[in-house]
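Subject: Structure handover

Hi,

Here is the structure I promised to pass on. Please load it first, then read the notes below it.

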Amino acid sequence: MRVMMTLVDDPPRSWAEDTEKLNRAMGPGRLWWVYVMIGAGLIMTGAGAATAAFSSYGIADENAAQVCLVRNGTSLSSGSVDPRLFHACLSDYGHLNAIVVLLGAACLPVVAWLLMIAGGLVVRHRFRPSAIEGVDASAVRLLSSRFAQLCDQLDLTGSRRPILVVVPPETGIEQAFTTCVPGARPRVVVPVAYRYSPRDAFDAVVIHELAHVKAKDVLWASAVWWAGWLPVPALVAAILPLLSSWAVMWDLYGISLLFAVVAAVMTLALRAALLRRRELTADRYVIDASGGERALTAMLQPGGEVPAERAPSVAGRVRRIFATHPSAAARLRAGEKPIQEWDGGFVFSAAAGLVAMLTYHWAADLLDNLLGWTESYPRLSANVAIAVAALLWSTVVIPSWTRRASSGNRSWTGSWAGATAGLVAGYCLWAPGANPVVANYYGAHLLPLIACLAAVGLAVAVFTASVATCLAATPGDRRRGMAGAVVAVTVTLGTFWNHVVWLVGAHQTWGDGAAVRNYIGGMAEDKAWQHSPALVLAGLLLVVLRSGKPAIESKILVVVLATGAIGGGAAALSWLLRAQAGMSADMRYLLSYQRWWICAIVGLVATVIVLLASRRQAKSVLATVPLAILGGLVATAVSGVVQFLLVGAEGRGTESGLIEQTLQIPGSLLLLALIATVPVIAATVLVASSRETRRGTVFWALNAATASVLLVAALWSGALSAVTVAVADGDRALSRPDVVKADRSSILPAPGEHGRALGEAAATAALEGVPELLPAGAQIVVPESSGEAADEPPMTPSACYEAAKKLAATEESMGRSAQVDQAYQVKIPSPELVTAIVSVRLTSYLAPASDLSRYDEENRECARFSQTQPDGASTDAACDLDRTPVVAYESYRKNCSATTHREPVQNVINKTFYALAGHNLVEVSVIYGYTGDVPPQDFLSQVEKIQTDVMTGVLMAL
């Protein structure tokens, strides 16, 4: 935004002459998308740095969350954590993390804004009136008068008019430039030497700078500058406590630091490249406004010569990457051809995808921490986040790609590649300082995930380009068409990106094709996306019908209605001919989903046929894609309605909700099939494009009918079962481990003589088999006395202490026929040997105990308590109850932990299993301690197994 000035000896006479008016030229467009992407990028960077600071500064008690998981038998190293338990243990931790992340996300944009203001104020202070005294007053008046004339002709009046600052040679300023403080009027700084140059040169430099003012280039250039310089300092400040230990810092945040450096370099390089193009755009505006290249030539070569371009050295090439101005020779060629902006190209599309998916991760983590586990809708956070990311992407990309299509640029390869790469990279990577969630979760399945996401990204990119081409090719209500395009693309991207992520997760969990097919069949049942087909259809209607009078040929209507009728009839026959009263749930599942797939298949056929039949009607095949997909969705809906009516006429298969499923499920299957078959459809169109297509309605209708019948027959015969629905899928859906849980209560017989009162001898005999249930090498130890609660340090709150005393008094008042205690020391590998104490108590009461309610008050009051140890260290204790039925008696587990805050922090876990069998109460406790790293999942599983085995063994021995 600077223009070089070279002095000439004599002031030309033209300054004293009247000047012609400027042409009304279209001003350079504002790069509003830069503000959106930079704002989102700064939010992501701030959130990532805040996440790192939250951990490195120890803002929350991470140990408390980990101990909560451990005492409930779960380690983060297990790779599979019950989400309910996870959110229960990390609730406070997550809420505090969300607050810190929100502060970081808000802080960095504010810092960038303040730096922009400070930078503008520094430049303004440099050229304050007292610093530029001595400028020839007559020269200032002359330049100011001409400047005002140019502003008036370019409609820059009132508060929109910038302020001219004329500076003397003593300032060392040889180039004109524009500076601005956000919220204030820009200032155009011009050397006084322009008074002694040709007026055309002054006009050109002013028009050039005013072009930047009209486009507000100064603000985004300043914003991007600080967005490039802030990521590394922000992350370094966030991990400052770890810098004293380079090994730890590098292990935790080494890759994030590399990401931050790469992001900073790329941001500054892209800023420079975009500025070079904006300089050429401003030069082109000079040519258009002044009516020729005379003014531009006067500005760039006042001496009549342009320095010859030389082959740059290596250092020169590096400098050129970060240069904000093109060479004079390149600028003189600004009028030869349209300026190729990055608006819509590979870099733009990749950056948009990257920012959108990083936004997804930020929003998902934030909502997850704020909302916690939502029992009625576990996917709420992820679905809202992907909807936000998809809306951001489509809002930025669709207008840009529409301008690209309007300019006559038919090359979409770079745009598609950039969109696909950006979306996939943004999803699989993470903001510097944030957690690498995707890489950690998917592990060996990361490459299949990338391949599937790339397929979705490419399909969505092609769909978006087709919608943009359609908007550019047809006249009509631009706002309505743009709104419809944003709805259709947002819903498509959000729906199927989400489904593919879960689909790969289903395959990772269950590892077979049936699980994948089950997920595909049930994806329309997701509350967030069940209306996706209807929303896509509505959006495409706004795009296709925005002109009010669309030229839809009759053959297209015939193809759509014919395929819909054929599909509806075939789906109805599939059900009516094979459905029988009393058929198995597996067969009902198969026939139901074959109906939906038949409706989807005829929709796929209709889409392809409409695309082939109408491609000569438009200038570009892409422009016909929205109409083709719209035709496919309509054909699918028609087939669904037809089969519902036919089946309903027979009085079968009309259960509640079926009509809604008829419209939702086939539409979702159709859109998924279109995404999966993009390469096949593209190849078909390319082959057909070389042949004559001027065929009539009958030809296309027969082709549609033939293709539909063949594909339906293939589905019936099982040839398509690998990708649609198979015979055993219904049974497989009911036998998944997430549907059927093992009933462990069957390991014991029903209560009977087990509940009789025991004497001391019988009680002792019941515990004789305990050593055989423990790991080899278990050693008996003297059990701790149960009557020393009064010698323990005082508890806070005191209600816990009172409840414990009350329970002890209740126990004393209950008559006992026997009480036997045993304790054993066992060694459990983890991966080192960890010593645990296994204690068993069998109490037999004279009268049968009705239930375990006497423990309720203590469990309630002592869920959280603290104590102060004799050495002054504080101990925080917490207990959770697990009432999952494990044995055929009233029972529950009480999982407690006690963390003593001394160096090193000591954690003690006490897991007690209570079971009441008539007169007899069995208590099995496992106590162990650890410092530092949490025990692995294998160790925790062994602890639970030992406890369960001992409990069941004692109950069996009663």
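Helices here are DSSP runs of H or I with at least four residues, strands are E runs of at least two, and both are numbered from the N terminus. With that in hand, Asp155 is found in the loop between α5 (137-153) and β2 (163-167). Keep in mind throughout that this is a predicted model.

**Backbone points**

Asp155 has a phi near 60°, a positive value in a residue other than glycine. Asp155 counts as partly exposed because its relative accessibility is 37%.

Lys216 also calls for a look. Its phi is positive, about 55°, and Lys216 is not a glycine. Lys216 sits in the loop between α6 (199-215) and α7 (217-229). Its relative accessibility is 38%, so Lys216 counts as partly exposed.

Next, the cis peptide bonds. One runs from Thr796 to Pro797, with omega near 10°. Pro797 is in the loop between β6 (795-796) and α30 (798-813). Another joins Glu903 and Pro904, with omega about -10°. Pro904 belongs to the loop between β11 (890-900) and β12 (906-917).

Why list these phi values and bonds? Most residues other than glycine have a negative phi, and most peptide bonds are trans.

**The chain as a whole**

The chain has 958 residues, and 48% of them are buried. It holds 32 helices and 13 strands. Its accessible surface comes to about 43,500 Å². Carbon and sulfur atoms account for 61% of that surface. Among contacts with a separation of 6 or more, 79% are between residues 24 or more positions apart.

**Helix packing around α18**

Start with α18 (residues 478-510) and α19 (residues 513-522). They pack at an angle of about 150°, with axes 8 Å apart. Angles over 145 degrees count as roughly antiparallel. The two helices, α18 and α19, are therefore roughly antiparallel to each other. Their crossing is right-handed. From α18, the contact uses Asn498, His499, Trp502, Leu503, Ala506, His507 and Trp510. From α19, it uses Ala515, Val516, Tyr519 and Ile520. By class, the residues of this contact of α18 with α19 are 8 nonpolar, 3 polar and no charged.

Now α15 (residues 413-428). Its axis comes within 14 Å of that of α18, and the two cross at roughly 50°. That angle makes α15 oblique to α18. The crossing of α15 and α18 is right-handed. Leu423, Val424 and Tyr427 in α15 meet Leu493, Trp497 and Val501 in α18. The contact of α15 with α18 has 6 nonpolar residues, no polar and no charged.

**A further helix pair**

Helix α21 (residues 554-576) packs with helix α22 (residues 585-614) at about 165°. Their axes are 9 Å apart. The angle makes α21 roughly antiparallel to α22. The crossing of α21 and α22 is right-handed. The residues of their contact divide into 15 nonpolar, 6 polar and 3 charged.

Asn383 lies in helix α14 (residues 380-406). Is Asn383 buried or exposed? Asn383 is buried, because its relative accessible area is 4%, and buried means under 20%. Leaving out residues up to four places away in sequence, Asn383 touches Tyr377, Asn498, Asp526, Ala528 and Trp529. One of these, Asn498, is also in the contact of α18 with α19.

Asp729 is in helix α27 (residues 729-734). Asp729 is buried, at 2% relative accessible area. Which residues does Asp729 contact, leaving aside neighbours within four places in sequence? They are Ala514, Arg517, Asn518, Asp586 and Tyr589. Asp729 and Val516 are 213 residues apart in sequence, and their C-alpha atoms are 9.9 Å apart.

Thr843 is in strand β8 (residues 833-845). Thr843 is buried, with a relative accessible area of 2%. Not counting residues up to four places away in sequence, Thr843 touches Arg816, Ala818, Gln819, His919, Asn920 and Leu921. Thr843 and Glu923 are 80 residues apart in sequence and 8.4 Å apart in space, C-alpha to C-alpha.

Over to you.

Conventions. Residues are numbered from 1 along each chain as its sequence is written. This is a predicted model: local features need pLDDT of at least 70, side-chain atom pairs count only at pLDDT 80 or more; totals for chains, interfaces and linings use all residues. Side-chain values use heavy atoms; hydrogens and water are left out. Axes are lines fitted to C-alpha atoms, for helices over the stretch in contact, and angles run from 0 to 180 degrees between N-to-C directions. Angles under 35 degrees count as roughly parallel, over 145 as roughly antiparallel, 65 to 115 as roughly perpendicular and the rest as oblique. A crossing is left-handed if the near helix is turned anticlockwise from the far one by less than a right angle, and right-handed if clockwise. Contact means heavy atoms within 4.5 Å. Ala, Val, Leu, Ile, Met, Phe, Trp, Tyr, Cys and Pro count as nonpolar, Asp, Glu, Lys and Arg as charged, and the others, Gly among them, as polar. Buried means under 20% relative accessible area, exposed over 50%, partly exposed in between (1.4 Å probe, protein chains only). Accessible areas come from the Shrake-Rupley method with a 1.4 Å probe; for residues, only the protein chains shown count as cover.
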